Amino acid sequence: MSRLNAYAGRALRYIRQYGGASLYRKIRERKERNRAERDYALWLASQLPDKQETARQRGVVFPYTPCISILVPAYETPEAYLRQMIESVLDQSYKELELCIADGSPSDRVERVAREYARRDARVRYRKLEKNLGISENTNTALSMAGGEYVGLLDHDDLLLPGALFAVAGALNDGEPAEALYTDEDKFDPESDRHFQPHFKPDFNLEYLRSNNYICHFFVVKREIALAEGGFREEFDGAQDHDFIFRCTERAKKVVHIPKVLYSWRCHAASTAANPESKLYAYEAGKRAVHAHLERLGVSGKVLNTENYGFYRVCYPESPEILIKSFEKFIGQTGVNVIYYDKACNNSVTIFGKEDYVLFTCVRSARVNKDFWKALFACLNRPEAGLACARVYGKDRRLRCDVRMTGVRDPFSEGMKGLKAGYSGYFHRALLQQELEEPTDCFLIRRELLGDRTEISIPELCEQTKKKGYHIYYEPWAVMYENR
């Protein structure tokens, strides 16, 4: 009943801020995704190692076998959850690990259980804190206890799934060892003993990380990087992982995504996974973490909240010297050459004109939102930007093409092509800034990146742009609607 009341309160507050229609779409979209994932638990069971595979993994000897220290800040963890968390670590097939538990609980609830396991297994390291120092400083204590070459982040009531550390070790033995790694994840309901809502992530995508902490768990990083960055910062409590991940990946030369669900968030009434409003302060801390990251890199931008908790928009500075007039059919824009192309003709286009910017589009007649040009130019006029892609809806008010990042392996969806206007897509990705695998049906590029070419195909243009070190960015706040 208390959970039902909490949901009702959240719904009322959401309606007051964003309207009933928005809430209706949000609920309907979640239900549709739940239907698509109805066989997820069976699928997950088929992906995890069985007893035979676990035995095989235990017999594998990797050339490189670093110790991985699992950092757990504990605070009054319910005994059942604590035992399940500890056993999910100790039962890993990869045995070169240690479990570092820093306990800020005023009671001995955690201590009794942790010391019991420590007596049985020397890999469990436990420290009772004199007082609760907060999530960041408690985690820093766990970091100070770690002796492994790598450290991994685990919440005190969550679960590492079977084979998680074996997959990490395997990735570390694939070429030059990565300095940071992360996996896909899901949620776990202890009441129904059910895994649900998997999060299938992209390969490392800095633009997307600015939109939300998509990496989250399970995150593993070289201990020397964690220490060099000073560990966790209490001024970001609630989003300390987001801030920490930013700083570690800024320093890491190689960041690897392991596209397997290997971590489960436990869902209960007080957890952020079940009730986003339980930690509203965390989302403001996340906003500040994004801003601090931009400042470190010397990137100008204002970080704004979106209507979805924990998801942000970065407004990059506009170029005041560029003035663009928006017309329904793109006639008369100053400084922009518009080139139409047809996907049915192998995406081949003839390049003409001498304007500084070129807009490639499959849509010949359209209307755009008020900030269309402003958003596209702000996105493009960054040194690393190659293409700035708009969000494009067809005559049926559905996305004309997919919005896809490299590395996403989602067996329950064919992508976002056809998503209705007003809907946000899987993990709100239709509305979030990100680096794309390929462009949408309308994108802006600087003329200089085209060189002297007079004819080129869109796939070739994308490949050429990436080879030069530029990125294909998605700017969802530049919206185009094809005329009916």
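Visitor: Which residue has its charged end over the ring of Phe196?
Guide: That residue is Arg194, with its charged end 4.5 Å from the centre of the ring. A charge sits over a ring if NZ of Lys or CZ of Arg is within 6 Å of the ring centre and within 35 degrees of the ring normal. This is a predicted model, in which local features need pLDDT of at least 70 and side-chain atom pairs count only at pLDDT 80 or more, while totals for chains, interfaces and linings use all residues. Residues are numbered from 1 along each chain as its sequence is written, and side-chain values use heavy atoms, with hydrogens and water left out.
Visitor: What lies over the face of Tyr481?
Guide: Arg367 does, at 4.5 Å from the ring centre.
Visitor: And how many aromatic pairs are there?
Guide: The structure holds 19. Rings of Phe, Tyr and Trp (its six-membered ring) pair if their centres lie within 6.5 Å; planes under 30 degrees apart count as stacked, over 60 as edge-to-face and the rest as tilted. Phe360 and Phe443 form a stacked pair, with 5.2 Å between centres and 25° between planes. This pair links distant parts of the chain, 83 residues apart: Phe360 is in strand S14 (residues 357-361) and Phe443 in strand S18 (residues 442-446). Helices (H or I, at least four residues) and strands (E, at least two) are DSSP runs, numbered from the N terminus.
Visitor: Are Phe360 and Phe443 buried or exposed?
Guide: Both are buried, that is, under 20% relative accessible area, where exposed is over 50% and partly exposed is in between (1.4 Å probe, protein chains only).
Visitor: Why is helix H13 largely enclosed?
Guide: Helix H13 (residues 372-380) is largely enclosed by the rest of the structure because eight of its nine residues are buried. Among them are Phe372, Trp373 and Leu380. The buried residues of H13 pack against several strands, including S14, S18 and strand S20 (471-482).
Visitor: New topic: where is Ser107?
Guide: Ser107 lies in the loop between strand S2 (97-103) and helix H6 (109-120). At 27% relative accessibility, Ser107 is partly exposed.
Visitor: What does the side chain of Ser107 make a polar contact with?
Guide: Its partner is the side chain of Glu76, at 2.6 Å. A polar contact is a pair of N or O atoms within 3.5 Å; within protein, one must be able to donate a hydrogen and the other to accept it, and residues adjacent in sequence count only if both atoms are side-chain atoms. Ser107 and Glu76 are 31 residues apart in sequence and 7.2 Å apart in space, C-alpha to C-alpha.

Note on methods
Contact = heavy atoms within 4.5 Å.
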